[in-house]
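I'd like to walk you through one structure, so please have the sequence and the 3D view open as I talk.

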Amino acid sequence: ALAFAHKFDKIGNFGFGLQYINYGSFAQTEINGDVNGTFYVNEFMMTLSYGMQIEKNLYLGATFKPLFSKYETYSSFSLAFDIAATYYNPNKTWQASLILKNVGRQVKSFNSVRDTLPTDLQLGFSKKFSHAPLILYIVADNLTRWNIRENDALNPRDNVSMDGTIEKESGFSAFLDKGFRH
């Protein structure tokens with residue numbers, strides 16, 4: 001990865017970045033295991049970012065991200081962006097951020113099926129303690145989808161008593177379980 005950022009007075013902060021992932025070479029085989037050759041898998045992302053202070057303690061930023069992936073002879077190209085807002089309270093030594101990530105679409109798909117980008121809404125909070133060298137960070141992610149619990153038929157959330165009576169999960173318990181998974 002390579003990144004560069006610069007602050008311009010009265011305009012804001014600009015950033016540029018490159019990220020390259022090479023997964024290496026893989027053996028290309030027939031169904032019976034005969035090797036026909038090798039193929040390569042890699043991904044590339046460029047980032048163009050801008051951020052600025054819009055109020056005394058409020059900051060906004062956005063990043064534009066072209067993404068390119070190549071798997072053997074298949075390739076994909078996507079355009080995405082992130083936007084974020086951060087409120088910083090220096091007197092109380094805390095800050096909160098709201099981030100919307102990976103908004104966009106696949107322009108060229110690997111095949112005829114267009115994949116969706118993993119759009120994510122995140123809410124973060126940090127608090128620096130006055131008399132301790134600690135900062136508490138709390139982040140809730142995947143807020144675009146409330147219920148991220150798995151459905152496991154072998155492990156139901158209902159309680160079964162010794163006499164075989166089934167006690168359904170309470171609404172409050174389900175709410176807490178769903179909330180703390182973020």
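**A ring pair, a sheet and a few residues**

Let me begin with Phe175, which is partly exposed because its relative accessible area is 48%. Before I go on, please keep in mind that this is a predicted model.

Which ring does Phe175 pair with? Its partner is Trp146: the ring centres are 5.5 Å apart and the planes stand at 35 degrees, so we call this pair tilted. Find both of them on your screens, and you'll see that the pair links distant parts of the chain.

While we're on rings, how many aromatic pairs does the structure hold? There are seven. Another one of them is Phe8 with Phe14, which is edge-to-face, with 5.7 Å from centre to centre and 75 degrees between the planes. Phe8 has a relative accessible area of 38%, so Phe8 counts as partly exposed. Phe14, at 37%, is partly exposed as well. Ring pairs also bring in Tyr50, so that Phe8, Phe14 and Tyr50 are linked into a cluster.

Now let's zoom out to the whole chain. It has one helix and ten strands.

Eight strands form an open sheet, in the order E1-E2-E3-E4-E5-E6-E7-E8, with antiparallel pairing. Which strands stand at the edges? They are E1 (2-8) and E8 (135-140); each has a single partner strand, so one side of each has no neighbour in the sheet. On average, neighbouring strands in this sheet are turned by 15 degrees against each other, ignoring direction.

What about the overall dimensions? The radius of gyration of the chain is 23 Å, whereas a compact globule of 182 residues would have one near 16 Å. Along its principal axes, the C-alpha trace spans about 70 × 60 × 35 Å. Of the 182 residues, 18% count as buried. The accessible surface comes to about 13500 Å², and 61% of that belongs to carbon and sulfur atoms. As for contacts with a separation of 6 or more, 38% of them are between residues 24 or more positions apart.

Let's go back into the sheet and look at E7. On one hand, E7 pairs with strand E6 (residues 94-108) in the antiparallel sense, over eight bridges. If you want a landmark there, Trp94 stands opposite Lys127 in E7. On the other hand, E7 runs antiparallel to E8, with six bridges joining them. Here the landmark is Ser126, which stands opposite Tyr137 in E8. A hairpin of six residues connects E7 to E8.

Within E7, which covers residues 120-128, I'd like you to click on Leu123. Not counting residues up to four places away in sequence, Leu123 touches Ser97, Leu98, Ile138, Val139, Ala140 and Leu143. For a sense of distance, the C-alpha atoms of Leu123 and Thr29 are separated by 45 Å, and these two residues are 94 apart along the chain.

Next, please move over to strand E3 (residues 35-53), where you'll find Thr47. Thr47 has a relative accessible area of 18%, and because buried means under 20%, Thr47 counts as buried. Which residues is Thr47 in contact with, leaving aside its neighbours within four places in sequence? They are Gly15, Phe16 and Gly17, together with Thr63, Phe64 and Lys65.

My last stop is Lys56, in the loop between E3 and strand E4 (58-71). Lys56 is exposed, with a relative accessible area of 69%. Its C-alpha atom is separated by 9.2 Å from that of Tyr87, although Lys56 and Tyr87 are 31 residues apart along the chain.

That's my tour, and I'm happy to go back to any of these spots with you.

Conventions:
Residues are numbered from 1 along each chain as its sequence is written. This is a predicted model: local features need pLDDT of at least 70, side-chain atom pairs count only at pLDDT 80 or more; totals for chains, interfaces and linings use all residues. Side-chain values use heavy atoms; hydrogens and water are left out. Helices (H or I, at least four residues) and strands (E, at least two) are DSSP runs, numbered from the N terminus. Contact means heavy atoms within 4.5 Å. Two strands pair if DSSP finds at least two bridges between them. Axes are lines fitted to C-alpha atoms, for helices over the stretch in contact, and angles run from 0 to 180 degrees between N-to-C directions. Buried means under 20% relative accessible area, exposed over 50%, partly exposed in between (1.4 Å probe, protein chains only). Rings of Phe, Tyr and Trp (its six-membered ring) pair if their centres lie within 6.5 Å; planes under 30 degrees apart count as stacked, over 60 as edge-to-face and the rest as tilted. The radius of gyration is taken over C-alpha atoms; the globule rule is 2.2 Å times the number of residues to the power 0.38. Accessible areas come from the Shrake-Rupley method with a 1.4 Å probe; for residues, only the protein chains shown count as cover.
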